[in-house]
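Have the sequence and the 3D view open as you read.

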Amino acid sequence: MKLDPRRYDEMIGRASPPSPVVRDCAWAFCVGGAICTLGEGLRQLFLIWYDKTLAGTLTSIALIFLAALCTLPGWYQKLAAKAGAGTLVPITGFANSVVSPAIEFKAEGWITGVGAKIFGIAGPVIAYGTLASFVWGVLYWLLGKVG
Amino acid sequence: MRRGDTLLFEQPPVVGAWAAAGGKKESEGPLASAFDFLTQDAGFAEQGCENWEQAESLLQRRAVELCLRKADIPRSKVDIAFAGDLQAQCTASNYTMRELGIPFAGVYGACSTMAETLALAAVFAATGMAERVLALTSSHFCAAERQFRTPLEYGAKRTPTAQWTATAAGACLVRAHGIGVPVRSVTFGRVQDYAVHDINNMGAAMMPAAASTLLHYFAASGTSPKDFDAIFTGDLGEVGTALLREQMAQEGLPLDNHKDCGCLLYDTAGQNVQAGGSGAGCSAAVLCCKILPMLAAGQLRRVLFVATGALMSQTTFLQGESIPGIAHCVELGGAQ
Amino acid sequence: MNYVWAFVVGGAICVVGQLLIDYTKLSPARVLTGYVVAGVILSAVGLYKPLVDLAGAGASVPLLGFGHLLAQGVQNAVDSCGLPGAFTGGLTAASGGIAASLIFGVLAAAVGKSRDQN
């Protein structure tokens with residue numbers, strides 16, 4: 001066959017339609033922006049009764065609750081199919097990535113399915129986030145000792 | 001008779017009966033009216049089915065039952081069944097066969113399974129090892145999605161080169177003698193790997209396999225594309241189709257009469273399936289809904305059915321291996 | 001004005017994520033992990049706090065903000081209890097979000113079921 005992998009790579013590049021970047025970004029901007037604006041609204045509401053830290057935490061919890069609610073009937077998935085990073089990057093995307101495997105793997109049991117798979121997608125986020133924060137914590141402690 | 005990689009049958013066996021079953025998206029596609037069974041509830045919740053894996057098995061059973069009914073034979077008259085699907089360990093087929101009690105050989109050829117099982121069935125029938133052989137396969141969008149990609153409720157955007165796994169099953173009854181669409185020859189493909197790593201571009205990963213098998217077949221049989229009314233490939237989608245036509249033109253055998261099952265099962269522009277359909281059930285459904293009926297009706301006389309499969313697993317993909325492809329070719333039709 | 005900044009900054013952070021997905025073929029899981037780690041780093045070098053002050057939820061709701069939360073938490077814990085705070089601070093600050101996800105996740109599994117995507 002008259003084909004070598006390098007030339008084939010170029011052929012694939014030419015034959016594959018590119019992602020519609022402008023449209024993708026417009027969706028991501030609007031939906032991501034809207035979720036953050038909703039978050040800001042909730043934060044202002046919580047600030048009436050609570051301090052900044054607690055209001056922030058409650059905002060996250062409220063958004064996570066809404067995301068879980070929208071994941072159940074499949075709405076979050078439908079929106080994400082258009083919004084891409086607009087629904088992925090906000091904390092609601094994190095919630096969706098925890099809730100969806102929990103629902104999906106119920107068929108494999110509460111312990112071996114739901115419990116075991118619940119962090120299947122979000123696990124790396126927590127693992128490497130925690131590791132990074134630990135490294136920063138040690139550095140910060142050392143800086144304190146030096147300074 | 002063997003010529004190169006191609007097995008030519010002097011006494012061609014025939015595909016005597018066939019049936020296709022499909023789900024909701026298939027019922028909205030261009031081939032909807034040709035399906036023997038369609039359901040809006042691909043989870044079979046009303047039948048008490050609790051998971052997608054068993055739902056796929058139920059879909060497969062519908063296809064087998066309808067196929068045997070059309071052939072007008074009881075399942076006890078089937079000598080052997082070749083079946084496979086996309087689930088790990090081919091469980092959809094295993095559980096179907098648990099119910100049917102037919103001697104069973106499970107095969108895995110990913111999306112090439114329909115051509116693979118049909119080819120094996122034809123060889124068994126042609127060599128006198130069996131009189132009536134069942135060839136069947138299926139795929140289920142939900143079972144495939146949760147196994148290969150992400151949970152169904154997980155929000156993610158599909159890339160334009162991705163393909164949509166069909167919720168469909170197809171079954172063919174091959175007979176050593178009798179009335180039906182003759183199987184003239186079969187060509188088992190060789191695995192081809194051109195270092196494609198993109199799991200969202202299966203058409204590109206499988207194209208070299210389709211081209212390789214076609215070239216082997218044309219060389220062995222002394223034919224060229226223009227000797228056929230149509231050449232059907234399985235599941236290359238729009239990207240793989242464009243690549244195959246470019247490659248075959250390079251080889252000096254332009255495909256002017258080529259169609260791809262991945263582009264036939266759905267309306268690729270309007271059904272939100274990105275580059276087209278895929279999954280073992282896709283080419284199986286197109287075979288049973290379009291290719292075999294048109295051959296039986298005389299609208300097509302001689303065709304090639306080349307189903308392609310991508311032979312990676314979730315594990316090898318995560319380990320960074322490239323995606324090997326395979327294609328098997330079945331020559332159908334010709335003078336009876 | 002708060003709301004405008006929240007929309008613009010939040011939207012812009014999402015657009016960067018979309019560009020990474022479209023142009024680099026990075027999978028969404030890698031983008032998310034990268035965002036959290038990047039958030040920790042941006043917060044550590046003092047770049048993220050001003051953005052949160054400006055945009056509020058626009059900066060704290062995207063996963064970069066989750067990283068910022070981890071980094072702030074670890075800093076506060078180290079301030080109050082020394083080196084052990086490097087272990088406890090991050091997850092303590094993020095505990096509300098993580099616990100909420102787990103709790104609502106299991107509850108959703110109890111009431112919901114897997115659905116076809118048609």
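Which element gives the most to the lining of the second largest pocket? Keep in mind while looking that this is a predicted model.

## The second largest pocket

The answer is H3(A), which gives 8 residues to the lining of the second largest pocket. In all, 30 residues line this pocket, and the space in the pocket comes to about 770 Å³. To find its centre in the viewer, look for A:Lys52, A:Thr53, A:Gly56, C:Val52 and C:Leu69, the lining residues that lie nearest to that point. The elements that give two or more residues to the lining are helix H3 (52-71) of chain A and, from chain C, H3, H4, H5 and H6.

What is the make-up of the lining by class? Of its residues, 15 are polar, 11 are nonpolar and 4 are charged.

## Chain C on its own

Chain C is built with 6 helices and 0 strands. Read from the N terminus on, its elements follow the order α-α-α-α-α-α. Along the principal axes, the C-alpha atoms of chain C fill a box of roughly 55 × 35 × 30 Å.

## Where chain C meets chain A

Let us turn to the interface of these two chains. Here 64 residues of chain C are in contact with 62 residues of chain A. How many salt bridges are counted between chain C and chain A? The count is 0, while 11 residue pairs are found in polar contact across this interface, with both residues at pLDDT 80 or more. The chain C side that touches chain A takes two or more residues from each of helix H1 (2-24), helix H2 (28-44), helix H3 (48-55), helix H4 (57-60), helix H5 (63-81) and helix H6 (85-111) of chain C. By class, that side has 41 nonpolar, 18 polar and 5 charged residues.

The size of an interface is often expressed as the accessible area lost when the parts come together. For chain C and chain A the buried area is about 5400 Å², and carbon and sulfur atoms give 77% of it.

## Where chain A meets chain B

Between these chains, 36 residues of chain A are in contact with 31 residues of chain B. The two chains bury about 2800 Å² between them, with 60% of that on carbon and sulfur atoms. On the chain A side, A:Met1, A:Tyr8 and A:Glu104 lose the most area to chain B, together 24% of what that side buries.

There are 12 residue pairs in polar contact between chain A and chain B, both residues being at pLDDT 80 or more. Two or more residues of the chain A side come from each of helix H1 (5-15), helix H4 (75-83) and H6 of chain A. H1(A) supplies the largest share of that side, with 7 residues. Sorted by class, the side has 20 nonpolar, 8 polar and 8 charged residues.

Side chains of opposite charge can pair when their charged atoms come close. Over all chains, the structure holds 15 salt bridges, and 4 are found across the interface of chain A and chain B.

Which side chains does B:Arg146 meet in salt bridges? One is A:Glu104, at 2.6 Å from N to O. Another is A:Glu108, at 2.8 Å from N to O. In this second pair, B:Arg146 sits in helix H5 (residues 141-148) of chain B, and A:Glu108 lies in the loop between helix H6 (91-104) and helix H7 (110-117) of chain A.

Definitions and conventions:
Residues numbered from 1 in each chain as written. Chains lettered and ligands numbered in written order. Predicted model: local features only at pLDDT ≥ 70, side-chain atom pairs only at ≥ 80, totals over all residues. Heavy atoms only, no water. Contact = heavy atoms within 4.5 Å. Buried area = accessible area lost by both parts, 1.4 Å probe. Polar contact = N/O pair within 3.5 Å; in protein donor to acceptor, adjacent residues only side chain to side chain. Helix = DSSP H or I, 4+ residues; strand = E, 2+ residues; numbered from the N terminus. Nonpolar A, V, L, I, M, F, W, Y, C, P; charged D, E, K, R; others polar. 1 Å grid on protein atoms, 1.4 Å probe; cavity = no way out; pocket = protein on both sides within 12 Å on 5 of 7 lines; lining within 4 Å. Points joined across faces, edges and corners; volume = space filled by probe spheres on them.
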